[in-house]
Amino acid sequence: MIEQIKNLKAEIASLQATSADEVEALRIKYLSKKGVINQLMADFRQLPPEQKREVGAPLNELKTLATDTINALKEALTAADDMDPNLDLSRSVAPLPLGTRHPLSLVREEIISIFSRLGFTVAEGPEIEDDWHVFSALNFAPDHPARDMQDTFFIMRDPDILLRTHTSSVQVRVMEHAKPPIRILAPGRVYRNEAISARAHCFFHQVEGLYVDRNVSFADLKQSLLYFAQEMFGPDTKIRLRPSYFPFTEPSAEMDISCNLCGGKGCSFCKHTGWVEILGCGMVDPAVLDACGIDSRQYTGFAFGMGIERITNLKYQVKDLRLFSENDRRFLEQFQAAHL
């Protein structure tokens, strides 16, 4: 009987069940009046006294093991039945609200998407640059105010290493290593030594475009920018180009769009002019092409640049630039619908 008890202990220790019916069947098999253990109890009563002392303790242990094992199986199945089948056990205890994309990221991707339909591809470059790529190759004069420390962040007071002030440096890098036709967008963060206020910041974001090929004209530039303005601000948007000056383009212009708040009728946002400036542009100066190793006698090109914060201000009427970098959830949550 001792051997039989050992075998039953091993058998009961490995019991498993996947339903309440299976648990009940195990209870009947081992613990019912006609079960295996009660049958052993009946046989135990017939043993001589000296054998009862040897068998009694193991037999009681067997009955306890069977009772505890079957009860444990029953409790496990009950707990599983009570559990919500849709409950994610990997979730944190505290609910975590879903985030949304930053408004600058939304506008950046929309600008890239619009110009990608015109064949522009994205190019990137370093934020820590040298004087050649930020100023010299772009036709900035040696005494240009942008080279002064009160306007530009220089690294370790080295006049040759600085934080880029515009993403035009990416255009220079592309022209140095690629042959025309070139058609790129250069989005990225730029830095200028300005006092932080509702209208200015020491860092902000730009998207600059460059198209270099044979016979590129100012008409190509105007048509590309008109397409962008109407895709970004609506099909009724009008543009106008005003003469301006930039060291790296000639002729140069600043582009205005009809105010998207008043429809060009005049309001406080557009200072009652009906127009709002959004970007600068022009034909690439031949000196810039030659400095980058492109023959200006064979190729021409146009370039443009805009601040992403400026476009975001116009699109979503955000009037304080500081909101873009403060990570205030009350501000960011307003753009969940735009993200969807």
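Predicted model: local features only at pLDDT ≥ 70, side-chain atom pairs only at ≥ 80, totals over all residues.
1. Aromatic pairs. The structure holds 10 aromatic pairs. In one of them the ring centres of Phe135 and Phe140 lie 5.2 Å apart and the ring planes stand at 70 degrees, so this pair is edge-to-face. Elsewhere, a single aromatic cluster is formed by Phe115, Phe120, Tyr211, Phe228, Phe302 and Phe304; one of its members, Phe228, is also among the buried residues of H8, and Phe304 returns in the next point as a residue of E9.

2. The sheet. An open sheet is built from 7 strands with mixed pairing, and their order is E1-E4-E5-E9-E8-E7-E6. Its edges are strand E1 (121-122) and strand E6 (239-246), each of which pairs on one side only. Within the sheet, strand E8 (residues 275-284) is paired with strand E9 (residues 300-307) in the antiparallel sense over 5 bridges, and Phe304 in E9 has Cys281 standing opposite.

3. Helix H8 and its setting. The 16 residues of H8 reach 22 Å from the first C-alpha to the last, close to the 22 Å expected at 1.5 Å a residue. Just after H8, Gly234 takes a positive phi of about 120 degrees.

4. The two sides of H8. The buried residues of H8 are Leu221, Ser224, Leu225, Phe228, Ala229, Met232 and Phe233. Because these residues cover an arc of only 135 degrees around the axis, they are on the same side of H8. Ala219 and Gln223, by contrast, are exposed on the other side of H8. The cover over the buried residues of H8 includes helix H5 (103-116) and helix H10 (308-316), as well as E6, E7, E8 and E9.

5. Helix H1. The 12 residues of helix H1 (residues 2-13) should span 16 Å at 1.5 Å a residue, and the end C-alpha atoms are 17 Å apart, which agrees. Ile5, Leu8 and Ile12 are the buried residues of H1; seen down the helix axis, they fall within an arc of 65 degrees, so they line one face of H1. Glu3, Lys6, Ala10 and Ala13 are exposed on the other side of H1. As a general point, an α-helix has 3.6 residues a turn, so residues three or four places apart point the same way.

Conventions:
Residues numbered from 1 in each chain as written. Heavy atoms only, no water. Pairing = 2+ DSSP bridges. Helix = DSSP H or I, 4+ residues; strand = E, 2+ residues; numbered from the N terminus. Expected span 1.5 Å × (residues − 1). Buried < 20%, exposed > 50% of the residue type's maximum accessible area, 1.4 Å probe, protein only. Arc of directions from axis to C-beta. Phe/Tyr/Trp six-rings, centres within 6.5 Å; stacked < 30°, edge-to-face > 60°. Contact = heavy atoms within 4.5 Å.
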